[in-house]
Amino acid sequence: MTNHLRPDEFVDAMDGALSTARGAHLENCADCRAELDGLWSMQREAHADDAFEPSPLFWDHFSARVREATANEKITPEPWWRTGWQPIAVLTVAAAAVVLLVQTRSTPAVVAPGLAPVTLTAEGPVEDDGSWDIVMGLAAEIAWDDIRDAVTPAAGAADAAIEELTSAQREALVRLLKQEIGE
Amino acid sequence: MRSGLGAAALAWTVASGHTSSMVKPHPTRVSGPEIDLTTADEATLVAAFRAGRVEAFGEIVTRHRKQIYQLCYRFVRNHEDASDLAQDVFVRAFKGLHRFKGDSSLTTWLYRVGVNACLNRVAAKKPLMLEAPTEAAERVDASAVDPLQAVLQHERAAAVREAIAKLPPKQRATLVLRIYQECSHEEIAAALGGTVGAAKANLFHALGNLRRALSVK
């Protein structure tokens, strides 16, 4: 088996990127040197063939041609599930959380045997309860704008929430989304 | 599934050239009028185009039209065909840009589209390839002191072009991208869909075949 340079090593040699060990072979091998010289001279000769330069006026004309050729082409934007999945994911998670919360609260409490379940009855008007007065008083002091600011997500909040998820959480989220959209 | 945005009939801006870089497209805010596309980077341009700003494609054409034209010229060797082919490359790019994933630079991706278009065109026109004199072949260096020398150089250059035209497609594409477009081996591998080692081997064989073809003339 010969130890001559391989084709890719010849190209490395042309680029001045041959390893030291292979460079030592090249120095001592007349065949490899002759081959490399031939490649060099061929590359120089090919490189000497100048490119054709069209008139400077051609380029604007060319752009106009391309514009015309693409004028009737429709471009399809990225599907919404690629660009807008983060806010949808957050909303889905929030919806799932609400559903879970509602289901949990509506589940009857487990009652120990022997104890009578407590039954809530509205025998009198709720307003008669003193605690209700406290709640009403507090609510009257809160401005509607404050409530809106508190419950409306800030711009970019969805993106920020997604950023904070771990990769496992994101995968779970994607699975959940796919289930939701029926993929 | 949404439908397309409609006919892409907006006017494009014309701007000076920019260099390319390997950058991933990212979901930049690109739909508003505040983004100046003439100074935007490639990722922003691609994102803007995907978001429906068709004029972003005009900027891409402005930046890359010369490279793509020269690539096409190296394959078809006359101005008319090269300009038609370069236009075809950009139309293909327009249709396929939403599939560009940013794994390579936009330039490399355009070269890939371009090489495929060129090789298809050359394969379809193969029987005609030997007849066409080229603009380059018609240009004799008038400033040369020795007319005989000029004629000999001209003939040799024509022979080189003819020999390049007869190379196998991948070798030819590799040689054109490396020598005339000055692509790196990595860019060539990405454009032609192979390994860096294969790109280097293709260049080696292309130069070797050229040498053999010219030595028997």
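User: For contacts in chain A with a separation of 6 or more, what percentage comes from residues 24 or more positions apart?

Analyst: The figure is 59%. Two residues are in contact if their C-beta atoms, placed from the backbone, lie within 7 Å. This is a predicted model: local features need pLDDT of at least 70, side-chain atom pairs count only at pLDDT 80 or more, and totals for chains, interfaces and linings use all residues. Residues are numbered from 1 along each chain as its sequence is written, while chains are lettered from A and ligands numbered from 1 in the order in which they are written.

User: How many helices and strands does chain A have?

Analyst: Chain A has 10 helices and 0 strands. Its pattern along the sequence is α-α-α-α-α-α-α-α-α-α. Helices (H or I, at least four residues) and strands (E, at least two) are DSSP runs, numbered from the N terminus.

User: What percentage of chain A is buried?

Analyst: Of the 183 residues in chain A, 10% are buried. A residue is buried if 20 or more other C-beta atoms lie within 10 Å of its own, exposed if 12 or fewer, and partly exposed in between. In α1(A), the buried residues are A:E9, A:F10, A:V11 and A:A13. They pack against α2 (20-28) and α3 of chain A, and against α9 of chain B. Just after α1(A), A:G16 has a positive phi of about 75°.

User: How do I read a pair of packed helices?

Analyst: Use the angle between their axes and the distance between the axes. Take α3 (residues 30-47) of chain A and α9 (residues 196-215) of chain B: their axes come within 9 Å and cross at roughly 85°. Axes are lines fitted to C-alpha atoms, for helices over the stretch in contact, and angles run from 0 to 180 degrees between N-to-C directions. So α3(A) is roughly perpendicular to α9(B), a label for angles of 65 to 115 degrees (under 35 is roughly parallel, over 145 roughly antiparallel, the rest oblique).

User: Which residues make that contact?

Analyst: From α3(A) come A:G38, A:L39, A:M42, A:Q43 and A:A46; from α9(B) come B:L207, B:L210 and B:R211. They divide into 5 nonpolar, 2 polar and 1 charged. Here Ala, Val, Leu, Ile, Met, Phe, Trp, Tyr, Cys and Pro count as nonpolar, Asp, Glu, Lys and Arg as charged, and the others, Gly among them, as polar.

User: What covers the buried residues of α9(B)?

Analyst: The cover includes α1 (7-15) and α3 of chain A, with α6 (147-165), α7 and α8 of chain B. Among the buried residues of α9(B) are B:L203, B:F204, B:L207 and B:L210.

User: Is B:R77 buried or exposed?

Analyst: B:R77 is buried, because 22 other C-beta atoms lie within 10 Å. It sits in the loop between α2 (55-76) and α3 (79-96) of chain B. B:R77 is not a glycine, yet its phi is positive, about 65°.

User: And B:E182, buried or exposed?

Analyst: B:E182 is exposed, with 10 C-beta neighbours inside 10 Å. Its place is the loop between α7 (169-180) and α8 (185-192) of chain B. B:E182 has a positive phi of about 55° although it is not a glycine.
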